[in-house]
Amino acid sequence: MSATVTTTTSTSTPGKGNGPASRMSLGKVLLIVAGALIALSVLRALVDAAQQADFDRVTSSGQIGAALSMAVPIGLAGLGGLWAERAGVVNIGLEGMMILGTFFGAWAGYQTNPWVGVLAGVLGGAAGGLVHAVATVTFGVDHIISGVAINILALGATTYLAKRWFEPLGDIGGSPKNSPQVDPIQTFTVPGLSDWLADLENHHWFLVSDIAGVIGGLVTDISALTIVSVLLVVGSFFALWRTSFGLRLRSCGENPTAAESLGVNVYLYKYAAVVISGALAGLGGVFLALVRSHIYNEGQTGGRGYIGLAAMLFGNWRPGGLAMGAGLFGYSDALQLRNGGATVHALLLLVALGLAVLAGWRIVRKSYVAGAVSGAAAVALLLWYALTDTVPNDLVSATPYIVTLLVMGLASQRLRMPKANNKPYRKGQGT
């Protein structure tokens, strides 16, 4: 079976979707990272020259640490979506599964300890995934309808349970909209290295201090759940692309009829993928409740389940690209939270420079209309940056969602989802 399926999946059209030609090499990834660092360094130097000292925080260790903590729940939600969609099940219900993770994680965490809360949140998300699997795999309900229903049910159920379980705990901080305080999960700092990098960062040397700030943010006060999340991304890659289990699961998302004809229990693999998807989304919710705020709050997810789906699409259904997308969205989210309109105003310059480069590339590729549009947008943003000192607060709060739309608009031309995604499948078709 393995040889047959491998032949099928390895003959994807070069340059498209998930074929070998579309995979990023290590060199390309390092080139992208280096380009991003240089762009941020140039941005910091420009705004420092304009005597706007607060803007040096765009590459500070604090900014990078905040971006990492913002990226983790988005990345976990996107990873959950990747598992489900690789098996052919669209999981719009990630937002609801994250909500279940926030609620049950905080509920169990304040009664016992944070790690029991982690387990409870993961199980809560997995339960949401199980409901989605029953509806879509067993009963053939449209995946989108089922996912939306789970989002609504999760919100309603947690709102009701919060009134029943948290409101009587008002004397220790509970209310109908939030839980009592939960003990924090332990964090880790690399001794010696963190202090040395902080000293380098404070010199404000071009590129050197910026790199020190980026690395410093990755080795200072890192939550244990962040480390677990990174391991889950790496583990998902190996599980899905380096094991026979992953090969069979992905075959269910590409051609379930052929997979069944070769002896694969398609229902079992779809169930496993969607339950794992829910568990990962639940863990993302736990991160929000127990790491970001140490408390459950109503509306805490803030649409991060949907942004996680966007990160998954940005990554073209692969863990590495997903991690890059989550990092981008997390950075923009942290940027608007740390310094508000003034910092987002600095981001306008970076986006304008990026659009100018994109315009030049489009024109070289003879895509004159697209190049002209990108160039006009770059000029408009440069004028906006030059003629203003800040960005309105209403626009600041929408920064992560605007970045999501822009990135998806630029990345959409190279997307290729699994062929059997959201397509009905009934047991016995392959016999």
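Which residues line the largest cavity?

## The model and its cavities

This is a predicted model, in which local features need pLDDT of at least 70 and side-chain atom pairs count only at pLDDT 80 or more, while totals for chains, interfaces and linings use all residues. Residues are numbered from 1 along each chain as its sequence is written, and side-chain values use heavy atoms, with hydrogens and water left out.

Rolling a probe the size of a water molecule over the atoms shows where empty space is left. A cavity is a set of points, on a 1 Å grid over the protein atoms alone, where a 1.4 Å probe fits but cannot get out, and its lining residues have an atom within 4 Å of a point. By this rule there are two cavities of 30 Å³ or more, where a volume is the space filled by probe spheres set on the points, and grid points are joined across faces, edges and corners.

## The two linings

The largest cavity, with a volume of about 70 Å³, is lined by Gly 88, Val 89, Thr 136, Val 137, His 143, Lys 270, Lys 423, Pro 424 and Tyr 425. This lining divides into four nonpolar, three polar and two charged residues, where Ala, Val, Leu, Ile, Met, Phe, Trp, Tyr, Cys and Pro count as nonpolar, Asp, Glu, Lys and Arg as charged, and the others, Gly among them, as polar.

The second largest cavity has a volume of about 50 Å³, and its lining includes Ile 99, Thr 102, Leu 155, Thr 158 and Tyr 296. Helix 4 (94–111) and helix 6 (143–165) are the elements that give two or more residues to this lining, which by class has three nonpolar, six polar and one charged residues.

Of its 431 residues, 49% count as buried, meaning under 20% relative accessible area, whereas exposed means over 50% and partly exposed lies in between (1.4 Å probe, protein chains only).

In helix 7 (residues 193–201), the buried residues are Ser 194, Leu 197, Leu 200 and Glu 201. Seen down the helix axis, they fall within an arc of 125°, so they line one face of helix 7; the arc is that of the directions from the axis to the C-beta atoms. The face turned away from this buried side carries the exposed residues Asp 195 and Trp 196.

Technical notes
Helix = DSSP H or I, 4+ residues; strand = E, 2+ residues; numbered from the N terminus. 1 Å grid on protein atoms, 1.4 Å probe; cavity = no way out; pocket = protein on both sides within 12 Å on 5 of 7 lines; lining within 4 Å.
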